[in-house]
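Subject: A structure for you, with notes

Hi,

Here is the structure I promised to pass on. Please open it next to this message, and then read on for what turned up in it.

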Amino acid sequence: MKSDKNPLSNGAASVDRGTWTDTDSVWPIETWLFNRFMQLIGEPAISVVFWDDREHYRCPRANPVARMRFADRSTFWRLFANPNLEFGDGYSSGRIRIEGDLVAFIEALYEAKIKRTRPGILQQFVKRGFVRARRNSLTDSRDNIQHHYDLGNDFYRLWLDEEMAYTCAYFADPSVTLEQAQAAKLDHIARKLQLRPGEEVVEAGCGWGGLARHFARRYGVRVRAYNISPSQIAYARERAKAEGLADRIDYIEDDYRNIQGTYDAFVSVGMLEHVGAEHYATLGQVVDRVLKDDGRGLIHSIGQIRPEPPSAWNERRIFPGANPPTLRRMMDIFEGPGLSVVDVENIRLHYAKTIEHWLARYEAHEAEVREMFDDFFVRAWRLYLAASIASFRAGALELYQVLFSRPGKNDMAWTRAHLYRD
């Protein structure tokens, strides 16, 4: 049964050509333009075959890690008109094919781009393309979140862990299972916050509620968790009731801007990417309002090494309104209310490892995803997960955990030793 919650079904659908029959000859100007385009983005270690079944680009500096193939001339010219959006849609519709490892292909693109330390206007256009950025007002935030998270719990249950954690896990040992690594992530955060039984914790953006359940069950705290996704909140409440935790957790369907009460600890895992930099000061005011005088908090967020706009394709097809911050921009949260940054840790390779698990599980359930949605959706989400792995491997994206407290709070841990004790 096809889902009625497919955000890719309107205006994005396209037919997979199956056998590619375009026999038009390639114009010399097309070969020249494409090679100039490859130079512009740093000459990635790939090769490219046009619709005449001949190779028209090959990296001059290294052996190609994978090959891209165009179905026809129209796909080629659409790519030039809006590179980022049209590559994603071309791949998702089957008009662009990747022969070889998809993750390695995308990683080669990111590595080439990152080596350009001062990207110019044309490079920014290649990255961004023509798509209007979605805002994150109270109304728009709910629409943006529903576009991505309300695809249905059954979809996410196919490839997430048992607790439905959709954020970076923590692999103290790379050989552990995804379930073990997700639990270790929650323990890592709890240790940083030095949680004590009986304390009050507030969570902004709780997903399917796994952090609140883990904290309540293992650390004896009370948690009030906020989220604007109705399906996630409903799932979280059902799980808490079934596990006998409903008396220790309040799941609130509301925006972080409306958090009420005062708390010993504030925590946000995977929400800041969806807040929007223009609202960081507002988030800081919320933290200042709800944190007790001796309170502390932690924000866990995808980040960037330089401020760049979100990609056109990701904005339109996958994650509207998402834009990871630089570490410097995150300070807009803390400087206004005068919060003290205690510790910063970057665990980006842990996120690459996490998404490797997700992609493997996703591909194992490809037939079920196709039954829920369609071929375009299957390829689009494969591309999204593969591109995410490549982004973290290449360093195009980071994963920051920022621990903070009220100023003058002198009982925080002196070292990180307590984080690594069993």
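Let me begin with a helix pair. In helix H4, the residues Leu102, Val103, Ile106, Glu107, Tyr110, Glu111 and Ile114 meet Arg382, Leu383, Ala386, Ala387, Ile389, Ala390, Ser391, Arg393 and Ala394 of H16. Contact here means heavy atoms within 4.5 Å, and the helices (H or I, at least four residues) and strands (E, at least two) are DSSP runs, numbered from the N terminus.

Before going further, a word on the source: this is a predicted model, in which local features need pLDDT of at least 70 and side-chain atom pairs count only at pLDDT 80 or more, while totals for chains, interfaces and linings use all residues. Residues are numbered from 1 along each chain as its sequence is written, and side-chain values use heavy atoms, with hydrogens and water left out.

**The helices around H16**

H4 (residues 102-114) packs against H16 (residues 375-394) at an angle of about 45°, and their axes are 8 Å apart. That angle makes H4 oblique to H16; the scheme takes angles under 35 degrees as roughly parallel, over 145 as roughly antiparallel, 65 to 115 as roughly perpendicular and the rest as oblique. Axes are lines fitted to C-alpha atoms, for helices over the stretch in contact, and angles run from 0 to 180 degrees between N-to-C directions. The crossing of H4 and H16 is right-handed. A crossing counts as right-handed if the near helix is turned clockwise from the far one by less than a right angle, and as left-handed if anticlockwise.

H16 also packs with H14, at about 160° and with the axes 8 Å apart. H14 and H16 are therefore roughly antiparallel to each other, and their crossing is left-handed. Among the residues making this contact are Tyr351, Ile355, Trp358 and Leu359 of H14, and Phe377, Trp381, Leu385 and Phe392 of H16.

How far apart are the end C-alpha atoms of H14? They are 25 Å apart, which agrees with the 24 Å that its 17 residues (348-364) should span at 1.5 Å a residue; the expected span is 1.5 Å times one less than the number of residues. The buried residues of H14 include His350, Tyr351, Trp358 and Tyr362. Buried means under 20% relative accessible area, exposed over 50%, and partly exposed in between (1.4 Å probe, protein chains only).

Two strands pair if DSSP finds at least two bridges between them.

S3 (residues 66-70) is mostly covered, with 4 of its 5 residues buried. S1 and S3 run parallel and are joined by 3 bridges; the partner of Val48 is Met68 in S3. On S4 (residues 96-100), S3 pairs in the antiparallel sense over 5 bridges, and Arg67 is bridged to Glu99.

Two loop residues here deserve a look. Most residues other than glycine have a negative phi. Glu43, however, has a positive phi near 55°, and is in the loop between H1 (28-40) and S1 (47-49). Asp53 has a positive phi of about 70° and is in the loop between S1 and S2 (55-58). Is Asp53 buried or exposed? It is exposed, with a relative accessible area of 56%.

**The sheet of 7 strands**

The other open sheet runs S7-S6-S5-S8-S9-S11-S10, also with mixed pairing. Its edge strands are S7 (249-253) and S10 (340-346), each pairing on one side only. The twist averages 15° from one strand to the next. S9 (residues 291-303) and S11 (residues 398-405) pair in the antiparallel sense over 8 bridges, with Ile299 partnered by Val402. Helix H8 (residues 178-193) lies across S8, S9, S10 and S11, at about 145° to S9.

**The chain as a whole**

The chain comes to 16 helices and 11 strands, and of its 422 residues 56% count as buried.

Best wishes
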